[in-house]
Structures are given as structure tokens and as C-alpha cells.
Amino acid sequence: GNSSLAESARTLRPLSLEVARPTYGPEALMPLLRRCDYVFFSQEFMAGNQESLLGKDEPVVVDKEEWKQKDAIRCLRALRKKMG
């Protein structure tokens with residue numbers, strides 16, 4: 001019954017995903033991202049999708065140090081907002 005289903009859910013391992021290349025955009029990955037417990041994004045993916053996440057009016061940052069400190073966090077927040 002329901003107790004065996006709840007027990008099975010507790011024994012499942014968390015699902016994680018590493019997104020390394022910007023081959024697919026955030027919208028295409030959204031169904032998969034929603035199923036994951038943890039997602040790791042490469043800088044290449046975030047930088048490649050910066051415009052779709054932040055909008056066309058946002059400047060694209062080339063300096064890696066500035067990217068790490070500012071735009072990566074903004075991109076992650078925008079992605080989280082799109083996920084709902």
C-alpha cells in the first residue's frame with residue numbers, strides 16, 4: 001500500500017545532473033531540471049545562455065573574475081525564477 005511507496009521514496013537516491021555545454025537552452029532542459037534534486041552548471045553553459053536568462057539588455061561579461069562574482073549568481077537566480 002501507501003507505506004511501501006513511502007518507504008521506497010525514502011530509499012531513492014537524489015538525482016543530480018551536470019550541464020556542461022550550452023547545446024540545449026534552459027527552456028529545453030526545464031522538464032529534466034525540475035526532476036533533479038541537484039544541478040551543476042558549467043560556466044560555459046551559463047555564459048552561453050546568459051542572454052536568454054537575463055534578457056537582451058544585459059551586458060555580456062567577458063572578464064572571468066567579474067563573471068564569477070556577479071553574473072553567474074544573477075543567471076542562477078533567473079533560472080530558478082523560470083523554474084517556478
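How many bridges join strand β1 to β2, and do these strands run parallel or antiparallel? Strand β1 (residues 16–19) is joined to β2 by 4 bridges, and the two run parallel.

The model is predicted: local features need pLDDT of at least 70 and side-chain atom pairs count only at pLDDT 80 or more, whereas totals for chains, interfaces and linings use all residues. Residues are numbered from 1 along each chain as its sequence is written, and side-chain values use heavy atoms, with hydrogens and water left out.

**Figure 1. Overview of the chain.** The chain contains 5 helices and 2 strands, arranged along the sequence as α-β-α-β-α-α-α. Helices (H or I, at least four residues) and strands (E, at least two) are DSSP runs, numbered from the N terminus. Of its 84 residues, 24% count as buried; buried denotes under 20% relative accessible area, exposed over 50%, and partly exposed in between (1.4 Å probe, protein chains only). The accessible surface comes to about 6,600 Å², with 51% belonging to carbon and sulfur atoms; accessible areas come from the Shrake-Rupley method with a 1.4 Å probe, and for residues only the protein chains shown count as cover. Among contacts (heavy atoms within 4.5 Å) between residues at least 6 apart in sequence, 41% join residues at least 24 apart.

**Figure 2. Strands β1 and β2.** Two strands pair if DSSP finds at least two bridges between them. Leu17 has Val39 of β2 as its bridge partner. The chain passes from β1 through helix α2 (residues 26–35) to β2, in a right-handed β-α-β crossover. Right-handed here means that, with the strands pointing away from the viewer, the path from the first strand over the helix to the second runs clockwise. Glu18 stands opposite Phe40 in β2.

**Figure 3. Surroundings of Ser42.** Ser42 is placed in the loop between β2 (38–41) and α3 (43–48). A polar atom of the Ser42 side chain lies 2.4 Å from the backbone oxygen of Ala20. A polar contact is a pair of N or O atoms within 3.5 Å; within protein, one must be able to donate a hydrogen and the other to accept it, and residues adjacent in sequence count only if both atoms are side-chain atoms. Leaving aside residues up to four places away in sequence, Ser42 touches Val19, Ala20 and Arg21.

Figure 4. Pro22 belongs to the loop between β1 and α2 and, because its relative accessible area is 32%, is partly exposed. Not counting residues up to four places away in sequence, Pro22 touches Glu44, Phe45, Gly48 and Asn49. Pro22 and Asn49, 27 residues apart in sequence, are separated by 6.8 Å, C-alpha to C-alpha. Gln43 lies in helix α3 and is partly exposed at 33% relative accessibility. Gln43 and Pro22 are 21 residues apart in sequence and 9.6 Å apart in space, C-alpha to C-alpha.

**Figure 5. Cysteines Cys36 and Cys75.** Cys36 is buried, with a relative accessible area of 13%. Cys75 counts as buried because its relative accessibility is 0%. A search of the whole structure finds 0 disulfides, a disulfide being a pair of cysteine sulfur atoms within 2.5 Å.
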